[in-house]
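Please look at the sequence and structure first.

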Amino acid sequence: MGFEHVKAAGMYANGAGGSLLFESFPHQAEVTTFSADSPITDSAAAATAIATGIKVNNGVISTALPGDGSELYTLLEYFSDRSRSTGLVTTTSMTHATPAAFGSHDSSRNNLKAIANDYLTQTRPNVLFGGGDNGMTYDGAATAGYTVVSDRTGMAGLADTAHMVSGQFGSDNMPFEYDYFTGISSGYDILPHLSEMTRTALDILDNDVDGFFLMVEGGRIDHAAHENSLELSVFETLEFNAAVSEAFSWAEGRNDTLILVTSDHETGGLEVLGNNGPGSFPDAAWSTFGHTGINVPVYAWGDNAVLVSGVMDNTDLYHVAIVPEPASLLLFIAGGAILASRPRPARKNSL
Ligand SMILES: [Zn+2]
């Protein structure tokens, strides 16, 4: 998610760029995203940079590579060690690179079973909501002491006082929002949306009087851009904004919380060319089906938000998040995952 993806979503929703909720946050910056071994990062290296403050090679999950291969201390572990509850929420499968960089350590993002094992036996986030399978199993989570749910109804039935919960929704990445809107994915209505998962995670985590760490990934904006689909990108970005809105509603009026909204990298080289007003997709052009090295935005509200300004590096966000440390950190990342090989249903290109 780059600046242009955000602009396009605002034009579609409200008829103007700059109109999404998180764009009203008081402190904003642009962020460089290069990894240790490439000017163009992947999600693993970018998420590790944010999670640990250290650059690693593409494909690496919070492990010192280059370096001695040791485990790098993550924001989730930092807050957990300071008696905060923790949670990871994503619309990609739970073991994909962005959540993995906060809740696991591995030399490769592809070691999905090992990543799931780190969640369940090492870092043990209180809330794990995302797409299922890919290393996560009901039995594995249940054996590790988690209450497991598999659909929206099950999630809605979780007690506010639930302590360790694993939402394993579907068997891969979760559906695109645009596919719900057009009815292509009507069969997927049994699965929760990102904003609903965020709301439920907040309900559970805010029982901790010490505060909490929550990372929420809008994981499919990247996939939309890999397809050069403005429709998919706009709807994913708007749902991401809706998830931030849940957090802002929770945090508004508090003085002990930091909300950061950012992206791991830009995908597609999107350029918005013309505004067609609310309810119409803007004119736009794409330059690549891959990732780019273009700087991405960060939007900040609350404790330490004043530290966000100008041009920063993604590793700087780690320090913004903890020095000094807020009671609660709500971190939103427009991330990405390796695309599923499974074909998706055909989609009409206009409404
Ligand atoms: Zn990608």
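This is a predicted model, in which local features need pLDDT of at least 70, side-chain atom pairs count only at pLDDT 80 or more, and totals for chains, interfaces and linings use all residues. Residues are numbered from 1 along each chain as its sequence is written, and side-chain values use heavy atoms, with hydrogens and water left out. The protein has 12 helices and 14 strands, where helices (H or I, at least four residues) and strands (E, at least two) are DSSP runs numbered from the N terminus. Its radius of gyration is 18 Å, close to the 20 Å that the globule rule gives for 351 residues, so the protein is as compact as a globular protein of that length. That radius is taken over C-alpha atoms, and the globule rule is 2.2 Å times the number of residues to the power 0.38. The C-alpha trace spans about 50 × 45 × 40 Å along its principal axes.

**The sheet**

- Ten strands form an open sheet with mixed pairing, in the order E4-E5-E3-E2-E6-E14-E7-E12-E1-E13; two strands pair if DSSP finds at least two bridges between them.
- Strand E4 (147-149) and E13 are at the edges with a single partner strand each, so one side of each has no neighbour in the sheet.
- On average, neighbouring strands of this sheet are turned by 15° against each other, direction ignored.
- Strand E7 (residues 257-263) runs parallel to strand E14 (residues 328-334), joined by 7 bridges; the bridge partner of Ser 263 in E14 is Ala 334.
- Helix H1 (residues 3-14) packs on the sheet and touches E1 and E12, and its direction makes about 70° with that of E12; contact means heavy atoms within 4.5 Å.
- Strand E1 (residues 27-32) pairs with strand E12 (residues 296-302) in the antiparallel sense over 5 bridges, and Ala 29 has Val 298 as its bridge partner in E12.
- E1 also runs parallel to strand E13 (residues 311-313), with 3 bridges; there Val 31 is partnered by Met 312.

**Helix contacts**

- Helix H9 (residues 194-205) packs against helix H11 (residues 230-251) at an angle of about 20°, with the axes 8 Å apart. Axes are lines fitted to C-alpha atoms, for helices over the stretch in contact, and angles run from 0 to 180 degrees between N-to-C directions.
- H9 is therefore roughly parallel to H11; angles under 35 degrees count as roughly parallel, over 145 as roughly antiparallel, 65 to 115 as roughly perpendicular and the rest as oblique.
- The residues in this contact include Leu 194, Thr 198 and Leu 202 of H9, and Phe 240, Ala 243 and Trp 250 of H11.
- The axes of H1 and H11 come within 9 Å and cross at roughly 85°, so these two helices are roughly perpendicular to each other.
- Among the residues making this contact are Val 6, Ala 9 and Tyr 12 of H1, and Leu 230, Val 234 and Leu 238 of H11.

**Backbone exceptions**

- The peptide bond from Leu 65 to Pro 66 is cis, with omega near 5°; Pro 66 lies in the loop between helix H2 (43-52) and helix H3 (75-81).
- Val 323 and Pro 324 are also joined by a cis peptide bond, with omega about -10°, and Pro 324 is in the loop between helix H12 (316-322) and E14.
- Asp 133 is not a glycine, yet has a positive phi of about 60°; Asp 133 is in the loop between strand E3 (127-131) and helix H6 (138-143).
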